Amino acid sequence: IPIASRNHNQRTSEQLVHKSRRTVKTRLLDLKAIRFTHLPCMPPVLLLLLALPFLLAAVAALSGRLSRVAAAGLAGAAPLLGLVLLASLTPAVLDGEVVRHSWHWLPQIGLDITLRLDGLAWVFTGLVLGIGALVVLYAHYYLSARDSTRRFYSYLLLFMGAMLGMV
């Protein structure tokens, strides 16, 4: 093989390798762009994560006669469902992304409501929800039949929601 054709073949293979690397990078960037374009279309998971304890606190407080088991199950559903929602956001957070959801509050003056979840907020959210689930489990066995379980679990869920709002 003449030297000129060998160099040409080597250059061509190097160009193909460089071109394939560029194509892979472009495809990865395209996948990230697709992921970001679908984020606003997703249901507002962060809003649901924040509102879940408040909604179930209202249900527990306004429900008629709930048995102790039903009240504990209702109160335990909030942190467990919250942990499931948090687990659905885990891959994005572990990739280093900051998950955000924004709503226009007063667009005339440029004020928005923004919920964001980064790595530190993810850890504290997991702590609040995990400890909340353990408190509900402990309280189920600790409270006597004479105690107002509806009121206790309502206040517990309101506190949990306030802690999630702070995080």
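1. Confidence. The mean pLDDT of the protein is 80, and 74% of its residues reach 70 or more. Among the elements, helix H4 has the highest mean pLDDT, 94, while helix H1 (residues 3–38) has the lowest, 47. Over residues 23–41 pLDDT stays under 50, and for this stretch the model has four contacts beyond four places in sequence. Where pLDDT is low, the predicted coordinates should not be read in detail.

2. Layout. The protein has five helices and two strands, in the order α-α-α-β-β-α-α along the sequence. Of its 167 residues, 28% count as buried. Among contacts with a separation of 6 or more, 70% are between residues 24 or more positions apart.

3. Packing of H2 on H3. The axes of these two helices come within 9 Å and cross at roughly 175°. The crossing angle is over 145°, so H2 is roughly antiparallel to H3. On the H2 side the residues that meet H3 include Leu46, Leu49, Leu52, Pro53 and Leu56. On the H3 side, the residues that meet H2 include Leu74, Ala78, Leu81, Gly82 and Leu85.

4. Packing of H4 on H5. Here the axes are 10 Å apart and the angle is about 170°. That value makes H4 roughly antiparallel to H5. Thr125, Val128, Leu129, Gly132, Val135, Val136, Ala139 and His140 are the H4 residues in this pairing. Their counterparts in H5 are Phe152, Tyr153, Leu156, Met160, Met163 and Leu164.

5. The nonpolar core. The largest nonpolar core has 31 residues, and those with the most contacts inside it are Leu46, Val99, Leu117, Tyr153 and Leu157. Two or more residues come from each of helix H2 (45–62), H3, strand S2 (111–117), helix H4 (119–142) and helix H5 (149–166). H3 gives the most, with ten residues. In soluble globular proteins, nonpolar side chains tend to be buried together.

6. Leu46. Leaving aside neighbours within four places in sequence, Leu46 is in contact with Leu89, Val99, Arg100, His101, Leu115, Arg116 and Leu117. Val99 and Leu117, two of these partners, are also listed with Leu46 among the residues with the most contacts inside the core.

7. Ala75. This residue lies in helix H3 (residues 68–94). Its relative accessible area is 1%, which is under 20%, so Ala75 is buried. Beyond four places in sequence, Ala75 is in contact with Val136, Tyr153 and Leu157. Leu157 is 82 residues away along the chain, yet the two C-alpha atoms are separated by 6.9 Å. Tyr153 and Leu157 are both among the residues with the most contacts inside the largest nonpolar core.

8. Ser154. A polar atom of the Ser154 side chain lies 2.7 Å from the backbone oxygen of Arg150. Not counting residues up to four places away in sequence, Ser154 touches Ala57, Ala60 and Ala61. Ala60 in H2 also belongs to the set that meets H3.

Conventions. Residues numbered from 1 in each chain as written. Heavy atoms only, no water. Helix = DSSP H or I, 4+ residues; strand = E, 2+ residues; numbered from the N terminus. Buried < 20%, exposed > 50% of the residue type's maximum accessible area, 1.4 Å probe, protein only. Contact = heavy atoms within 4.5 Å. Core = buried A, V, L, I, M, F, W, Y, C linked by side-chain atoms within 4.5 Å. pLDDT = per-residue confidence, 0-100. Polar contact = N/O pair within 3.5 Å; in protein donor to acceptor, adjacent residues only side chain to side chain. Axes fitted to C-alpha atoms, helices over the stretch in contact; angles between N-to-C directions. Parallel < 35°, antiparallel > 145°, perpendicular 65-115°, else oblique.
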